[in-house]
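Here are some notes for a colleague who is reading this structure for the first time. Please keep the sequence and the 3D view open while going through the points.

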Amino acid sequence: MHFISQELEDYIEKHSQNEPELLAQLNKETYQKILLPRMLSGHFQGRVLSMLSKLIRPTNVLEIGTYTGYASLCLCEGLQENGQLHTIDIKEELVDFQRKYFDKSPWGNQIFQHLGEAISIIPNLDLKFDLVFIDADKENYINYFEMIVPKMNKGGIILSDNVLWSGKVLEQLQKNDSSTEILIRYNELLKNDPRVETVLLPIRDGLTVSRVL
């Protein structure tokens, strides 16, 4: 679902920072070789993630849902010199693809891949995070949020992707549509939880920025 016209989306992308060459290569190869390439963050959202990371200047970043690593590299652009990005995904077949591009970037030795269920991995990460990007299975968004908040530094930022869910959050809820049901509850949680302040941005499929108080 396009929330604005394709022409306006094209104009916005054209008048934002250019996509770095390495990310353009990653974008192209993802579309050539990987299933569901629509899951890629892409040029415009990638530049938004990059800009937010550069403003935050995080030491520790957590990404839940790596896919092919496009957003991972965008989030690394603002990393402190001694910073780390920990990224979690369940798809073993993508690990080598991700690592190829991670190692082509300036941050290869700062990116740590975790293979498996995020619900099991997050409790074992003995770190405090400045920036978290949630972009995985929607059914666990609330669980991820509850697990992450205690691991955030004060003033840290939690980014949540796909929170508009192609506009389904406004439609009558269909029977057995657990993803939409959870996202509706999640959006209400972020709005009302006293531990964070939140703004929902109509970027791509919806990107929420929540600041930990």
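1. Asn162 counts as buried, at 11% relative accessibility, where buried means under 20% relative accessible area, exposed means over 50% and partly exposed lies in between, for a 1.4 Å probe and protein chains only. The residue sits in the loop between strand 5 (152–161) and helix 8 (178–192), helices (H or I, at least four residues) and strands (E, at least two) being DSSP runs numbered from the N terminus. The phi of Asn162 is near 65°, which is a positive value in a residue other than glycine. Most residues other than glycine have a negative phi, and most peptide bonds are trans.

2. Before going on, please bear in mind that this is a predicted model, in which local features need pLDDT of at least 70 and side-chain atom pairs count only at pLDDT 80 or more, while totals for chains, interfaces and linings use all residues. Residues are numbered from 1 along each chain as its sequence is written, and side-chain values use heavy atoms, with hydrogens and water left out.

3. Where does Tyr67 lie? Tyr67 is found in the loop between strand 1 (60–64) and helix 4 (70–76), and with a relative accessible area of 7% this residue is buried. Its phi is near 55°, again a positive value in a residue other than glycine.

4. Two packed helices are described by the angle between their axes and the distance between the axes. For helix 2 (residues 21–33) and helix 5 (residues 95–104), the axes come within 11 Å and cross at roughly 165°; axes here are lines fitted to C-alpha atoms, for helices over the stretch in contact, and angles run from 0 to 180 degrees between N-to-C directions. Helix 2 and helix 5 are therefore roughly antiparallel to each other, given that angles under 35 degrees count as roughly parallel, over 145 as roughly antiparallel, 65 to 115 as roughly perpendicular and the rest as oblique.

5. Which residues make the contact between helix 2 and helix 5? Helix 2 contributes Leu22, Gln25, Leu26, Glu29 and Thr30, and helix 5 contributes Phe97, Lys100, Tyr101 and Lys104, contact meaning heavy atoms within 4.5 Å. The residues of this contact divide into four nonpolar, two polar and three charged, where Ala, Val, Leu, Ile, Met, Phe, Trp, Tyr, Cys and Pro count as nonpolar, Asp, Glu, Lys and Arg as charged, and the others, Gly among them, as polar.

6. Glu21 also lies in helix 2, and this residue is exposed, with a relative accessible area of 55%. Glu21 and Val209 are 188 residues apart in sequence, and their C-alpha atoms are 27 Å apart in space.

7. The axes of helix 7 (residues 141–148) and helix 8 come within 9 Å and cross at roughly 30°, and these two helices are therefore roughly parallel to each other. On the side of helix 7 the contact involves Tyr141, Ile142, Phe145 and Glu146, which meet Ile182, Leu183, Arg185, Tyr186, Leu189 and Leu190 in helix 8. By class, this contact has eight nonpolar, no polar and two charged residues.

8. Not counting residues up to four places away in sequence, Asn187 touches Val163, Val169 and Leu200. Asn187 and Ser160 are 27 residues apart in sequence, with 9.6 Å from C-alpha to C-alpha.

9. Arg195 lies in the loop between helix 8 and strand 6 (196–201), and at 30% relative accessibility this residue counts as partly exposed. Leaving aside neighbours within four places in sequence, Arg195 is in contact with Phe145, Glu146, Val149, Arg211, Val212 and Leu213.

10. How many disulfides are there? The count comes to zero, a disulfide being a pair of cysteine sulfur atoms within 2.5 Å. The sulfur of Cys74 is 9.2 Å from the closest cysteine sulfur, in Cys76, and this is too far for a bond. Cys74 is buried, with a relative accessible area of 0%, and Cys76 is buried, with a relative accessible area of 0%.
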